[in-house]
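User: I have a model open and want a quick tour of the contacts. Can you take me through it?

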Amino acid sequence: MEFSEQIKKYRSQAALTQDELAEKIYVTRQTISNWENDRSYPDVKSLLLLSSLFQVSLDTLVKGDLEEMKEQIKQEDIKTFNRDGTIFAILLLLTVAAAVPMVLYLGTPGTILWVALWLVGLYFANRVEKQKKLHDVQTYREIVAFSEGRQLDELEKAEERGKRPYQKVFVVAAFTAFAGAVAGLMLFLMK
């Protein structure tokens, strides 16, 4: 049963109007109406007051909405992961593309700006890594599935766990080669 239906049921059983219920839990009648019409959801304090007033457990009060709340949290995590990933990718590209021009044409101020850009990129890389660790996604396939809101089945998860060590070595080698190429290009242009 949806929370909106639950609150209507318990309010009717207690023979309360929306105004009376609103007064008892310190909200407006419009707030109660929004809850009952599924336009909004109460905060934790209001849930506790409703639970106490109706003399039911929180679990009973919100039964049916637990899965919806879990899905909403998951969707927020996915949005955060995708947003932070996009920001990190843009900052990474800017850091690489701007390194030589900023150092050559702006000198010390350019180097300082480039380091600041690099530090902001590191901050977002750290945020992405925390999300990956929190949701146990490491390989490319796991990351794509998570960002699309999908789950891998058990066989696919086992395959991806086997790939993790090799992909980490590949990523380190690729970034090392890339950093070496950028450093070589900077040396060549400075001569």
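**Contacts, bridges and a pocket**

Analyst: Start with Gln167, which lies in helix 8. Helices here are DSSP runs of H or I with at least four residues, numbered from the N terminus. This is a predicted model, so local features need pLDDT of at least 70, side-chain atom pairs count only at pLDDT 80 or more, and totals for chains, interfaces and linings use all residues. Residues are numbered from 1 along each chain as its sequence is written, and side-chain values use heavy atoms, with hydrogens and water left out.

User: OK. What does Gln167 touch?

Analyst: Gln138, Thr139 and Tyr140, leaving aside residues up to four places away in sequence. Contact means heavy atoms within 4.5 Å. Gln167 and Tyr140 are 27 residues apart in sequence, and their C-alpha atoms are 8.6 Å apart.

User: Is Gln167 buried or exposed, or partly exposed?

Analyst: Partly exposed, at 27% relative accessibility. The cut-offs are under 20% relative accessible area for buried and over 50% for exposed, with partly exposed in between, using a 1.4 Å probe and protein chains only.

User: Switching to rings. How many aromatic pairs are there?

Analyst: Two, from a search of the whole structure. One is Tyr10 with Phe54, which is stacked, at 5.6 Å centre to centre and 25° between the planes. The pair links distant parts of the chain: Tyr10 is in helix 1 (residues 3–13), Phe54 is in helix 4 (residues 44–54), and they are 44 residues apart. Tyr10 and Phe54 are buried.

User: And how do Tyr123 and Phe124 pair?

Analyst: Their ring centres are 5.2 Å apart and the planes are at 85°, so the pair is edge-to-face. The rule takes rings of Phe, Tyr and Trp (its six-membered ring) with centres within 6.5 Å; planes under 30 degrees apart are stacked, over 60 edge-to-face, the rest tilted. Tyr123 is partly exposed, with a relative accessible area of 45%. Phe124 is buried, at 15%.

User: Back to Tyr10. Which residue lies over its face?

Analyst: Lys9, at 4.6 Å from the ring centre. To count, NZ of Lys or CZ of Arg must be within 6 Å of the ring centre and within 35 degrees of the ring normal.

User: Now charges. How many salt bridges?

Analyst: Four. The rule is a side-chain nitrogen of Lys or Arg within 4 Å of a carboxyl oxygen of Asp or Glu. Arg11 bridges to Glu36, with the closest N and O atoms 2.5 Å apart. That pair also links distant parts of the chain, from Arg11 in helix 1 to Glu36 in helix 3 (residues 29–36), 25 residues apart.

User: Are Arg11 and Glu36 buried or exposed?

Analyst: Arg11 is buried, with a relative accessible area of 15%. Glu36 is buried too, at 4%.

User: What else is buried in helix 3?

Analyst: The buried residues are Ile32, Ser33, Asn34, Trp35 and Glu36. They pack against helix 1, helix 2 (18–25) and helix 4. Asp38 follows helix 3, and its phi is positive, near 60°.

User: Which residue does Arg127 bridge to?

Analyst: Asp84, at 2.8 Å, N to O. Arg127 is partly exposed, at 27% relative accessible area, whereas Asp84 is buried at 1%.

User: And Glu129, what is its partner?

Analyst: Lys132, at 2.9 Å, N to O. Both lie in helix 6 (residues 66–134), three residues apart, about one turn of the helix. Glu129 is partly exposed, with a relative accessible area of 38%. Lys132 counts as buried, at 11% relative accessibility. Elsewhere, salt bridges that share partners join Arg83, Asp84 and Arg127 into one network.

User: Why does the spacing of three matter?

Analyst: An α-helix has 3.6 residues a turn, so residues three or four places apart point the same way.

User: Last topic. What volume does the largest pocket have?

Analyst: About 810 Å³. A pocket is an open set of points on a 1 Å grid over the protein atoms alone, where a 1.4 Å probe fits, with protein on both sides within 12 Å along at least five of seven lines; lining residues have an atom within 4 Å of a point. Points are joined across faces, edges and corners, and the volume is the space filled by probe spheres set on them.

User: What lines it?

Analyst: The lining of the largest pocket has 22 residues, and Phe88, Val128, Glu129, Lys132 and Ile143 lie nearest its centre. Helix 6, helix 7 (140–147) and helix 8 (154–190) each supply at least two lining residues. Helix 6 gives the largest share, 11 residues.
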